Amino acid sequence: MSALLERVQAFLYQEADLADRHVYSDWLALWAEDAVYWIPCNDDDADPQTHVALIYETRSGLEDRVRRLSSGYAHSQNPQTRLSRVVANIRTIELPDGLVEVRSVCNITAFRRQIIETLAARVVHRLRPYGDGFRIVSKTVYLVNNDGYIGNMTFLI
Amino acid sequence: MSNTTAADFGNLVLRDRVHGDAYCDPQVFEREIDGIFSRHWIFVGHEGEIPNKGDFRQRQIGRQPVIFLRDQQGQVRVLMNRCTHRANAVCHLERGNAAGFTCPYHGWRFRLDGELASVPYPDRYDADFDKSRLGLRHARVESRRGFVFATLNPDDVPLDVHLGALVLAELDDIADLSPVGELLINAGVHRVRFVANWKLMVENAIDGYHANPVHRSHFENVRARTGFDPAALTTSSSPARIRDLGHGHCAWDSSSIIAKGTRNFPGNRPTETAFNTYRNALIERHGEARADHLLTKSGSHLYIFPNFVYVGAHYRLMQPMSVNQTWVQLFPIMLKGVPQEINTRRLRTHEVFYGPAGFGQSDDIEIFERNQIGLSAALDPWSLIARGIHLETRHEDGSISGQITDELSNRAVWGRWRELMTSEEDAA
């Protein structure tokens, strides 16, 4: 395994662990100031300027998401969804601008109120080297069911 | 309930309270499908979803699968998705564009207007075989300002009677938000589902009383970002009103607390230039007074019985699946004739609150699911809708209004529900 792939893998595993354990502020700290977090709706190729998204957030939206989840008043995460995710099939591409594009897949098992569900997605990160690790410049999550009827998806993906 | 009669359904709703069976009893649900969804006007979609000839969407009327489409003449139709031969679904895609529908089973071909065009090997039918009588079956369809309604009941009242002048005026105020009077429904759809009765979402759509406890986490975000406190809209001292528009239709008018001529884009305000371009285009079309009326009112809500909701930047199509399963589609409304930035801001504003990962609707849905649990506790089976019952105001236009935290809309909806559920005409 290349040194880059090893560092990227460690970073993605850390992100996944923080999301699974609902450690909201540490998860937010992984994102760059100019971050964009996008979960397309209906169609993987939809243009977010003209097509609704499940999530399309810049840094301020991410901060609002985390503030809400931490407020104690987010009913849809009270109780919190129990989460366990697998991140796999990681590939890296070094981009000319110094960012690293990371392609992976993610399978999330989610349990809440006696119902266990699976979410599955292709994920594309763009990471900016930062100290020994990275900051997330963009993350796009292509859910297999992004055109389906979806229940509670208020936990971190 | 067993051997239920129409009168029994009527006993579930009093003027100030509703019995838990109205949300929990499968027999009630069956009666709703037969007596409301299959016998009266329901909302099926907006013409903007199917702008081109051959565009189609699958929909349901009650539990019946239908195709909502624009035919080769440009006419909007609602056809039963059932081959007239052996009942296979002739349309298997949820949406798309087609020149016609060919049944995959035995190859019967139907035109977009439903006419049967051809069948394979017709020589084995006798002389009585009449293709002109074997077209796909139609629902009655009418639309107002692009909003399309259908009924399976050939004897139903005209759509304008069902909607009434007050609802028609509300639809004008929605469609006229576009400076050319045309809404574009081309920005996709949020689909959400929940484990609760569909009427819990109906009640919630025009319910000011829930907003501050349920949406506190979102309102605190808005306050932190903008300094604007949305909670002020939904206290008992707010000047905002709820209106009963007749036939179970209701509206929530928040314009009294929105600064005149502004648009409510909390956290996602467009640039001054884009907003002024938009406002000036509205003024050119409608004059300053109506333009400002439209903008100020654009954060309002409208509910059309039984399955249509309009809130802010989207309309909603509710689909009851069973007594405690509901599927909902939320279509963002794009305005034709405005700078792209305005429409993009509408999308971002919508996403913050709505959809399965939004900050507001997800909490509403959580509350519906807890409500369904609570409703099963039947020692005292009544749910109370009396708030403001002694403070209703009757208006010359036939509407009734109440303060934004009153339960006036609940009483309006349940009154209409009771009327249709107990109708003897529909009892057979």
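In this predicted model, helix α8(B) meets helix α9(B) through a defined set of residues. On the α8(B) side they are B:Arg279, B:Leu282, B:Ile283 and B:His286. On the α9(B) side they are B:Glu288, B:Arg290, B:Ala291, B:Leu294 and B:Leu295.

Now the geometry. Two packed helices are described by the angle between their axes and the distance between the axes. In chain B, α8 covers residues 272-286 and α9 covers residues 288-297. Their axes come within 7 Å. The crossing angle is roughly 130°. Angles of 65 to 115 degrees count as roughly perpendicular and those over 145 as roughly antiparallel. The pair α8(B) and α9(B) is therefore oblique. The crossing of these two helices is right-handed.

Turn to a second pair in chain B. Helix α5 spans residues 198-205, and helix α11 spans residues 361-375. Here the axes lie 10 Å apart. The packing angle is about 130°. So α5(B) and α11(B) are oblique to each other. Their crossing is right-handed.

Which residues in α5(B) and α11(B) meet? From α5(B) come B:Leu200, B:Met201 and B:Asn204. From α11(B) come B:Asp364, B:Phe368, B:Asn371 and B:Gln372. This contact divides into three nonpolar, three polar and one charged residue.

Conventions. Residues numbered from 1 in each chain as written. Chains lettered and ligands numbered in written order. Predicted model: local features only at pLDDT ≥ 70, side-chain atom pairs only at ≥ 80, totals over all residues. Axes fitted to C-alpha atoms, helices over the stretch in contact; angles between N-to-C directions. Helix = DSSP H or I, 4+ residues; strand = E, 2+ residues; numbered from the N terminus. Parallel < 35°, antiparallel > 145°, perpendicular 65-115°, else oblique. Left-handed = near helix turned anticlockwise from the far one by under 90°. Contact = placed C-beta atoms within 7 Å. Nonpolar A, V, L, I, M, F, W, Y, C, P; charged D, E, K, R; others polar.
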